[in-house]
Amino acid sequence: MKEILESLEARRELARAGGGAARVAAQHKRGKLTARERIELLLDEGSFEEFDMFVQHRATDFDMDKSHVPGDGVVTGWGTVNGRTVFLFAKDFTVFGGSLSETHAQKITKIQDMALKNRAPIIGLFDAGGARIQEGVAALGGYGEVFQRNVLASGVIPQISVIMGPCAGGDVYSPAMTDFIFMVRDTSYMFVTGPDVVKTVTNESVTAEELGGASVHTTKSSIADKAYDNEVEALLQMRRLIDFLPESNTADVPEIPTFDDGERMDMSLDTLIPQSANKPYDMHELIAKLVDEGDFFEIQEAHARNIITGFARIEGRTVGIVANQPLVLAGVLDADASRKAARFVRFCDCFSIPIITLVDVPGFLPGTAQEYGGLIKHGAKLLFAFAEATVPKVTIITRKAFGGAYDVMASKHLRGDVNYAWPTAQIAVMGAKGAVEIIFRADIGDDDKIATRAKDYEERFLSPFVAAERGYIDEVIMPHATRRRVARALAMLRGKMLENPWKKHDNIPL
Amino acid sequence: MFAKILIANRGEIACRIMKTARLMGIRTVAVYSAADRDALHVEMADEAVFIGPAEAAQSYLVADKIIEACRATGAEAVHPGYGFLSERAAFAEALRAAGITFIGPNPRAIEAMGDKIESKKFAHAAGVSTVPGHLGVITSPDEAVEIANGIGYPVMIKASAGGGGKGMRIAYGAGEVKEGFARATSEARSSFGDDRVFIEKFIVNPRHIEIQVLGDKHGNVIYLGERECSIQRRNQKVIEEAPSPLLDAATRRLMGEQAVALARAVNYDSAGTVEFVAGQDKSFYFLEMNTRLQVEHPVTELITGVDLVEQMIRVAAGEKLALRQSDVQIKGWAIESRVYAEDPTRNFLPSTGRLTRYRPPAEGRRDGVTVRNDTGVYEGGEISIYYDPMIAKLVTHAPTRLQAIEAQAQALDEFTLDGIRHNIPFLAALMRHQRWRDGRLSTGFIAEEFPDGFGLAQPEGADAELFAAVAAHIDHVQNLRKRRISGQIRAQRPHVFALKRVVRLGNAQYHVRLEARDDALMVHRDDATTTAVQSSWVPGETLWRGLVGGVGVAVQVRPLMNGCHLGHGGIGVEARVYTQREAELASLMPEKVGRDTSRVLLCPMPGLVKALDVKPGQEVKAGEALCMVEAMKMENVLRAERDCKVTKINVQPGDSLAVDAVIMEFA
């Protein structure tokens, strides 16, 4: 009997050894960890339950039957993060370069199915060389099975991808369909076709880093939501992110005891808005002083920085923050900012996370670059996302809310639940000068008259009170009371019930 | 007594004067420039008058605007504070002509003491000790030796037209005088085209000691002890104290009496300061007299219990001094630190911007220790580029010097400031400096002790124990909270955190085992030393206060990714607390090298681009001017660090830049 039990241990040892000591050392030398080491960092100590440790591929072509490693290049299972369930799969680069075979795919789809059935987040750790060429179409079929499950799980459970090595070809589309992608600087890259193919087809010479490194994907392409300096940093931050996320679309947002009083006043917010309307200020300061303990998990912080998105908590419960950033491009809405915020709003709406919108927006960015780039449709995405969202929506206008951008930013007209404005708010069609030159076209040329008209316009329209008179703004609030007002609004909205008309799904302008 | 006074100043001194005025039942009028609309002194005053644009030359320095403001508000007197119009005789004169009282000395006294040569003559005539020297032209080496012998060694031979150390020689004996005279003469000739030199006594390791005097319009003058301000950086006082650790009662009386004699000689009728340079042997020589309230006046107030502003107002109103010299008693010791918006780790470059967080230590008297914080800012206020970047004057008073230093160190540790760079770490490091604690001071202290500037030290020894214990406690509190997140699968048995942990302070690692007791967290290190930590710190607080090994400690805490930055006593470190396994795996992570800044010119401070001296494609030599950035009214010329070629310029004149903005790139 003892021998039988011992043989299990021996088999396990073999599986845990992955691709062997030399390959593990090579992995470490590159600044990368093994799949199992990564899992150790991600999960609570001792909480990992591994499945399919002994799965092996069934390929026979190209002498593949002579080469078997238990686990087949991916480690799968479940565990807990601060006591809450997560499912995960981690590609093992030391085994067949982490390449995807039919059985490898089956291990992943099994975990995907379990995660969906049991309604808990799934995290994929990527570090692999793509499809296992030797298996041909069987591997491609495997990808398809994974993709299909990504789509079915989308909006039901949070799906997170962390790219910790190469991720190319068929491997990129599973992460692309998940909610968030994170990367590790210098050791990870993502592209559909690699530098060699690029060179052959288009004659462009690029390095892997230039083509699909963390910096490209966090700033230019917006594929990745954030990059970290190393794997330990990345995985510990994933634990922090999980603490913000509900388990599924039917679960409540997690709640954590907070030491930050919901009634806390912050007098310094009364001076946040500069004297001059043309002077920027940092919206991050308002976020830090509004949310619990200043703790903010920013999403897409390096891309379209004119809008800020991320998770925080109010009175211990998760909220999503969408905020114009006057510090960058005056907080204008352009195509990138609209897409970035729209995707974030839709994530929050999927998972019942209330949305706090902080508005200081001078309008949409004019110009051929934007119009040719489809600003109308990209802007519409954000409009659509806010309008369809049924989660609690609390909006604070701090300064400018001009033109169509006023409507878009979670206004009362898009079913904003509680819409507040600071006394410094300017809710209008446009700034004074532009408005006066249109309304009083005849006076153009008479500078004195225009100046008087502009002053009149400013006094009448560049305030929150015209909107408040119509009930578009529920209340004009003191900046220092913002946290208290928002906390109370969210508490009141805890029981919010709102349903959109039945539909198969909507047709957001993609 | 006046019913209403105007304070022709801004910032902390305006606020400080208003506090006393309010106590005396006098209404106050503030004046403010465009940059100070939301300033604290405006808020504090009963009335405020706008006096023009931000530039001081067009607002705070315009006498007519101040007088106009007095007329408009009916203010009967003006307190000028320090700086701005405080030492302009013409202003005092103009006020008199307008029938408004100047809360300061009579214009003639200001004039007499404002002139360096005339003030020395007055001093000499009044029997005040002046630096021995010979101001006449010296024609030969032998004459130089004769004069030097008369003065006593060492002596300094200086070019009359000199400056910047050129043509300056120090001589310790007759031989050196001969040689030095020849050298100084020739250097002076080649540098300035003027070979005249003079000789005066050279004071080795000089100290700056000043006497506070107070006079009235009835011929009474007293002195209120001394202040020592030897801790200076480039002639800017950094730390002041009273009394001076150098002086004994006899020297104090001698200096005080000379200062009073000088004040009498000019009919001095307000608060003023007679500055001396002192040798380590307690010899002292007159430098100059400041005919105003001094920045560092609070240390005198704390050791004498006299409110100097109140006295100034009373004597200006014509009252006789109620104090006689014999009433002046010195009690305890007071230390003042000047908290500036400047970055000590970047050669003290000024920093401006919004004070996103401003939480000074609690003021008041407790257990014989007084903490006083004179300030003109508030959380959410702005440190503007237009004026002096002083944020606050933090003053502590205790029975002994060491107690006052300890109180100051503790108060500095508790001072929370964000949004701008500040010199608190440097001040805190000074408070721990042994030579400062020993009172072995000289005006060269900072240059001698910090020859390579200031950098945040890494904790070592007992400091490392303290930082590790605090980091472990912070992590423990956070973990306890994480255990209480909702939605756990085994709510009755929440996830348990390992109590064996690894604290990383920068690159150093400390293995600790935590043991939670009812009253304290025991941090066992390597099973050898144990530190008990008691604190009610909760996540989100930027100041950690508690007991570490039974000793009260304040540590600044700022969150970092997966950790926090801890600051205390001029030491700062990034702290991360890992499980043992996390630490093992973290040690496999490659060290990331910082951004290569050798090929770019970064803006060292927030400022305005005034001029660009180069064009793209231009070759520049090391030391060549690249551009000029204006900050805090200072024009800073940025120069090439090495020979290189400019490839790209990212800014234009008129752009306003943040710290570390890339100005240009090089090949």
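## A buried glutamate

E388(A) counts as buried because its relative accessibility is 13%; buried means under 20% relative accessible area, exposed over 50%, and partly exposed in between (1.4 Å probe, protein chains only). The model is predicted, so local features need pLDDT of at least 70 and side-chain atom pairs count only at pLDDT 80 or more, while totals for chains, interfaces and linings use all residues. Residues are numbered from 1 along each chain as its sequence is written, chains are lettered from A and ligands numbered from 1 in the order in which they are written, and side-chain values use heavy atoms, with hydrogens and water left out.

E388(A) belongs to helix α14 (residues 375–388) of chain A. Helices (H or I, at least four residues) and strands (E, at least two) are DSSP runs, numbered from the N terminus. With neighbours within four places in sequence left aside, E388(A) is in contact with R346(A), D349(A), R415(A), N500(A) and D506(A). Contact means heavy atoms within 4.5 Å.

## A strand residue and a loop residue

D360(A) sits in strand β13 (residues 355–361) of chain A. The residue is buried, because its relative accessible area is 1%. Its side chain is joined to that of Y281(A) by a polar contact of 2.7 Å. A polar contact is a pair of N or O atoms within 3.5 Å; within protein, one must be able to donate a hydrogen and the other to accept it, and residues adjacent in sequence count only if both atoms are side-chain atoms. Beyond its neighbours within four places in sequence, the contacts of D360(A) include M283(A), N324(A), T398(A) and K400(A).

P399(B) lies in the loop between β23 (390–398) and α12 (401–414) of chain B. It counts as exposed because its relative accessibility is 52%. Leaving aside neighbours within four places in sequence, P399(B) is in contact with G332(B), W333(B) and G368(B). P399(B) and G332(B) are 67 residues apart along the chain, yet 4.1 Å separates their C-alpha atoms.

## Salt bridges within a chain

A salt bridge is a side-chain nitrogen of Lys or Arg within 4 Å of a carboxyl oxygen of Asp or Glu. By this rule there are 83 salt bridges over all chains. One of them joins R16(A) and E13(A), at 3.7 Å from N to O. These two are separated by about one helical turn, because they are three residues apart in helix α1 (residues 2–16) of chain A. An α-helix has 3.6 residues a turn, so residues three or four places apart point the same way. R16(A) is partly exposed at 39% relative accessibility, and E13(A) is partly exposed at 47%.

In chain B, R314(B) forms a salt bridge with E310(B), and their closest N and O atoms are 2.9 Å apart. The two residues are four apart in helix α11 (residues 308–316) of chain B, so about one helical turn separates them. R314(B) is partly exposed at 27% relative accessible area, as is E310(B) at 23%. Salt bridges with shared partners also join E210(B), R227(B), K237(B), E240(B), E275(B), E296(B) and R338(B) into one network.

## Helix α3 of chain A

Helix α3 (residues 35–42) of chain A is mostly covered, with seven of its eight residues buried. Among the buried ones are R36(A), R38(A) and L41(A). R38(A) meets D127(A) in a salt bridge (3.1 Å, N to O). This pair links distant parts of the chain: R38(A) is in α3, whereas D127(A) is in the loop between β4 (122–126) and α5 (137–153) of chain A, 89 residues apart. R38(A) is buried at 0% relative accessible area, and D127(A) is buried at 0% relative accessibility.

## Where the chains meet

The size of an interface is often given as the accessible area lost when the parts come together. Chain A and chain B bury about 3,400 Å² between them, 58% of it on carbon and sulfur atoms; buried area is the accessible area (1.4 Å probe) that two parts lose on being put together, summed over both. The contact takes 42 residues from chain A and 35 residues from chain B.

Four salt bridges cross this interface. R581(B) forms a salt bridge with E40(A), the closest N and O atoms being 2.7 Å apart. The rule for polar contacts finds 13 residue pairs across the interface of chain A and chain B (both at pLDDT 80 or more). The elements giving two or more residues to the side of chain A that touches chain B include α3, β2 (74–81) and α10 (231–244) of chain A. The largest share of that side, six residues, comes from α10(A).
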